[in-house]
Structure formats: C-alpha cells, structure tokens
Amino acid sequence: MAESAAHLVDQVIPRVPVRQWVLSFPIGLRIIFATHPELLASVLQIIHRVIARFLIKQAGLKRSAADTGAVTFPIR
C-alpha cells in the first residue's frame with residue numbers, strides 16, 4: 001500500500017491541490033459489487049462525475065476550464 005501511494009504521489013498525481021474522499025457502501029451493496037464488479041465501475045463513474053461537478057462549481061470555474069481525476073482502491 002505504501003509503495004502504491006508513493007508511486008501515485010511521485011509519478012501520477014501532479015503537484016496540485018488534492019482532496020480525498022472516502023466512500024462506504026452498505027453491506028448489501030458491497031455483496032452486489034463483489035459479485036458484479038461492472039456495477040461498481042458504473043457507480044464510481046457516477047460518483048466521480050457528481051463530485052467533480054461540485055468541486056468545479058465550488059471553485060467558480062467552468063467545466064471546460066477545469067480538469068478532475070480520481071483514483072479508486074476498492075477494499076474487499
């Protein structure tokens with residue numbers, strides 16, 4: 001885990017402000033996502049889109065003038 005974090009900080013994430021979000025799903029959804037990982041991917045895309053729009057709006061920017069990204073580590 002430490003190596004993954006070091007790689008992200010040193011090689012992937014640019015030197016820009018970063019915000020961390022931690023999501024937790026109810027056990028029932030976790031079971032569904034474990035058996036159907038394609039559903040988790042779709043849900044995470046929606047969540048990223050909503051958070052990105054929120055942050056861009058909070059920053060007073062237009063979508064065309066902003067870049068967002070996400071790194072997810074599902075823990076089983």
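1. A quick definition before anything else: a residue is buried at under 20% relative accessible area, exposed at over 50%, and partly exposed in between, using a 1.4 Å probe and protein chains only. By that rule, 11% of the 76 residues in the protein are buried.

2. On what we're looking at: this is a predicted model, where local features need pLDDT of at least 70, side-chain atom pairs count only at pLDDT 80 or more, and totals for chains, interfaces and linings use all residues. Residues are numbered from 1 along each chain as its sequence is written, and side-chain values use heavy atoms, with hydrogens and water left out.

3. Confidence next. pLDDT is the predictor's confidence in each residue, from 0 to 100. The protein averages 90, and 99% of the residues score at least 70. The lowest mean, 89, belongs to α1, and the highest, 94, to α2.

4. The fold is quick to describe: three helices and zero strands, in the order α-α-α from the N terminus. Helices (H or I, at least four residues) and strands (E, at least two) are DSSP runs, numbered from the N terminus.

5. What about overall size? The C-alpha trace spans about 40 × 30 × 15 Å along its principal axes. The radius of gyration is 15 Å, whereas a compact globule of 76 residues would come out near 11 Å. That radius is taken over C-alpha atoms, and the globule rule is 2.2 Å times the number of residues to the power 0.38.

6. Now the largest pocket, which holds about 2100 Å³ of space. The elements giving two or more residues to its lining are α1 (2–12), α2 (27–35) and α3 (37–58). Helix α3 supplies the largest share, ten residues. In total 45 residues line the pocket, with Q20, W21, A70, V71 and T72 nearest its centre. By class, the lining has 32 nonpolar, eight polar and five charged residues. Nonpolar here covers Ala, Val, Leu, Ile, Met, Phe, Trp, Tyr, Cys and Pro; charged covers Asp, Glu, Lys and Arg; the others, Gly among them, are polar.

7. For the record, a pocket is an open set of points on a 1 Å grid over the protein atoms alone, where a 1.4 Å probe fits, with protein on both sides within 12 Å along at least five of seven lines; lining residues have an atom within 4 Å of a point. The volume is the space filled by probe spheres set on the points, which are joined across faces, edges and corners.

8. There is one aromatic pair: F25 and F33, edge-to-face, 5.1 Å centre to centre with 80 degrees between the planes. Rings of Phe, Tyr and Trp (its six-membered ring) pair if their centres lie within 6.5 Å; planes under 30 degrees apart are stacked, over 60 edge-to-face, the rest tilted. F33 counts as buried because its relative accessibility is 10%.

9. L29 sits in helix α2 and is partly exposed, at 35% relative accessible area. L39, in helix α3, is partly exposed at 38%. Their C-alpha atoms are 9.9 Å apart.
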